[in-house]
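User: I would like to learn how to read the packing in a protein model. Can you take me through one, feature by feature?

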Amino acid sequence: MTTTPARQCGSCTMCCKVLGIRELAKPVGAWCPHCAPGRGCKIYESRPSECRTFSCGWLSDTSCPEDWRPDRSKLVFCPDSESRNVIVRIDAGSPDAWRREPYHAWLRNKAAQGLAAGTLVIVSVNNNATLILPEGEQFIGLLNAGDQIEAHRRSGPNGPMLEVKVIRHAPAPQTDGDVPAEAGSETHS
Ligand code: SF4
Ligand code: SF4
């Protein structure tokens, strides 16, 4: 990852929609009431610490193509502080955005590279997760804060197979709210 002060959020405010902000009780997938979409944060000086510390993958990684900016791609690459997984939050207004090219091919390729090393690629639409696999995908369903996905290759009766396990730590499923592994956002440039 290369931090580049030259890259700025500009008119992107996508993370102010797709992420949950605990300090504001802002659910995943709803615009933050303090956001002026396409313009920025109306409480920028006093925004929560979750927002101050968040940088999406596009902002912090110069190898991510310029035109993948989240407001255009509808994909927000989120750092996962608890694992090396690639978590991509999708704008629920374009839930299939990740299936478009070149994103889909990139995700599949990343999944192929990561599986051997235990790094998973997960796309999430309003906390509904899909595990991307080199040969396809597996819908996981609702993933709450603290839940983890594990995937291991093992031998099966018909040859090698992938075993996927969801380890649930959240007390109960929620329809919205908590974000697994990362916080939310804004014009961080
Ligand atoms: S940090 Fe948020 S506002 Fe900035 S580019 Fe990423 S998604 Fe857009
Ligand atoms: S930076 Fe935080 S407080 Fe400001 S609009 Fe975005 S989510 Fe809301």
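Analyst: Start with burial. Buried means under 20% relative accessible area, exposed means over 50%, and partly exposed lies in between (1.4 Å probe, protein chains only). Trp68 has 7% relative accessibility, so Trp68 counts as buried. This is a predicted model: local features need pLDDT of at least 70, side-chain atom pairs count only at pLDDT 80 or more, and totals for chains, interfaces and linings use all residues. Residues are numbered from 1 along each chain as its sequence is written, chains are lettered from A and ligands numbered from 1 in the order in which they are written, and side-chain values use heavy atoms, leaving out hydrogens and water.

User: How do I read ring pairs, and how many aromatic pairs does a search of the whole structure find?

Analyst: Rings of Phe, Tyr and Trp (its six-membered ring) pair if their centres lie within 6.5 Å; planes under 30 degrees apart count as stacked, over 60 as edge-to-face and the rest as tilted. The search finds 4 aromatic pairs. Trp68 and Phe77 are stacked, at 6.2 Å centre to centre with 20° between the planes. Phe77 and Trp106 are edge-to-face, at 5.4 Å and 85°. Ring pairs link Trp68, Phe77, Tyr103 and Trp106 into a cluster.

User: Is Trp106 buried or partly exposed?

Analyst: Partly exposed, because its relative accessible area is 33%. Phe77, at 10%, counts as buried.

User: What does the pair of Phe77 and Trp106 tie together?

Analyst: Helices (H or I, at least four residues) and strands (E, at least two) are DSSP runs, numbered from the N terminus. Phe77 lies in strand S3 and Trp106 in helix H5, so the pair ties together parts 29 residues apart in sequence.

User: How do I read the sheet?

Analyst: Strands of a sheet pair through backbone hydrogen bonds, either parallel or antiparallel. Two strands pair if DSSP finds at least two bridges between them. Here 5 strands form an open sheet, in the order S3-S4-S5-S6-S7, with mixed pairing. S3 and strand S7 (136–142) are the edge strands, each pairing on one side only. S4 and S5 run parallel, joined by 5 bridges. Arg89 stands opposite Ser124 in S5.

User: And the core: which residues touch the most other members?

Analyst: A nonpolar core is a set of buried Ala, Val, Leu, Ile, Met, Phe, Trp, Tyr and Cys residues joined through side-chain atoms within 4.5 Å. The largest one has 28 residues, and Val76, Val88 and Ile90 touch the most other members. S3 supplies the largest share, 4 residues.
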